Amino acid sequence: MNIRPETFADHAAIRKINNAAFAVHLFSRQTAHLIVDALRAEGALTVSLVAEDVLAGDVRIVGHIAFSKEPVDGRDLGWYLLGPVAVLPDLQRKGIGSKLVLAGLAKLRKRNAAGCALVGDPALYARLGFRQAVGLSWPGVPAKFVLYQPLCGDEPNGAISHHPAFNIEA
Ligand SMILES: CC(C)(COP(=O)(O)OP(=O)(O)OC[C@H]1O[C@@H](n2cnc3c(N)ncnc32)[C@H](O)[C@@H]1OP(=O)(O)O)[C@@H](O)C(=O)NCCC(=O)NCCS
């Protein structure tokens, strides 16, 4: 398993992975692939990594993760949003998602990011160093699903939000 930054040649595979992974997701609007495309088109896809696997001599992309700027009370305080993250359904629960998250956080640290926050399931993210946010909130989202991890800064107080690309309609 190799984790590396996306290249132009990966765009179609990234779309397929997001489509397949979110197809049966309970709360997904099935727009993850469109969100990634829109972030990229707007120059807002700060970190985009793929996981590649070698199967019978062929290299294939099996997972993807995106990070974008995450304003706090509308201000850029150096915080990033993790997501979407997706792994091909038949390869889930094998550690690929965790590797993508950890590789992404390492990239953010190199950029001196203050921290990373997300809306997600604590069952998945707690073991990767995320904990329930105290000072950060996400309007309309129960606090237990608003998770954060400080990187080169402290947790600020305020409402976090995402890039408008996340509002894209299918
Ligand atoms: C979420 C996802 C990216 C995780 O990738 P993965 O390669 O399956 O994750 P890992 O194998 O590294 O999982 C590590 C642990 O996280 C937990 N976990 C994984 N997927 C989970 C899920 N969907 N819900 C709750 N916990 C989960 C499990 O505890 C797992 O460990 P275990 O298999 O020993 O029980 C992948 O399951 C996926 O693509 N899901 C559909 C899309 C999605 O929900 N994305 C996240 C929202 S943006």
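Select Glu52, which is found in strand β2 (residues 47-55); strands here are DSSP runs of E with at least two residues, helices are runs of H or I with at least four, and both are numbered from the N terminus. This is a predicted model, in which local features need pLDDT of at least 70 and side-chain atom pairs count only at pLDDT 80 or more, while totals for chains, interfaces and linings use all residues. Residues are numbered from 1 along each chain as its sequence is written, and side-chain values use heavy atoms, with hydrogens and water left out.

Glu52 counts as buried because its relative accessibility is 15%; buried means under 20% relative accessible area, exposed over 50% and partly exposed in between, with a 1.4 Å probe and protein chains only. Show the side chain of Arg4 as well: the side chain of Glu52 makes a polar contact with it at 3.0 Å. A polar contact is a pair of N or O atoms within 3.5 Å; within protein, one must be able to donate a hydrogen and the other to accept it, and residues adjacent in sequence count only if both atoms are side-chain atoms.

Next, the ligand. Select the residues around the ligand, of which there are 18, the closest being Val87, Arg93, Gly95, Gly97 and Ser98; a residue is near a molecule if one of its heavy atoms lies within 4 Å of it.

- 2.7 Å to a polar backbone atom of Arg93
- 2.7 Å to a polar backbone atom of Gly97
- 3.2 Å to an N or O atom in the side chain of Arg127

On its own the ligand has 870 Å² of accessible area, and the protein covers 76% of this; such areas come from the Shrake-Rupley method with a 1.4 Å probe. Colour the shell by element: α1 (11-22), β4 (79-87), α3 (96-110) and α4 (122-125) are the elements that give two or more residues to the shell around the ligand. Coloured by class, the shell has nine nonpolar, five polar and four charged residues. Ala, Val, Leu, Ile, Met, Phe, Trp, Tyr, Cys and Pro count as nonpolar, Asp, Glu, Lys and Arg as charged, and the others, Gly among them, as polar.

Move to Pro84, found in strand β4. The peptide bond from Gly83 to Pro84 is cis, with omega near -5 degrees.

Then go to the loop between α1 and α2 (32-41), where Ala23 lies. Ala23 is partly exposed because its relative accessible area is 46%. Draw a line from the C-alpha atom of Ala23 to that of Tyr148: these residues are 125 apart along the chain, and the two atoms are separated by 26 Å. Gln30 is found in the loop between α1 and α2 too. Its phi is near 55 degrees, a positive value in a residue other than glycine. With a relative accessible area of 32%, Gln30 is partly exposed.

Asn112 is another stop for backbone angles, with a positive phi of about 60 degrees although it is not a glycine. Look for Asn112 in the loop between α3 and β5 (115-119). Asn112 counts as exposed because its relative accessibility is 60%.

Finish at Gly43, in the loop between α2 and β2. Gly43 is exposed, with a relative accessible area of 69%.
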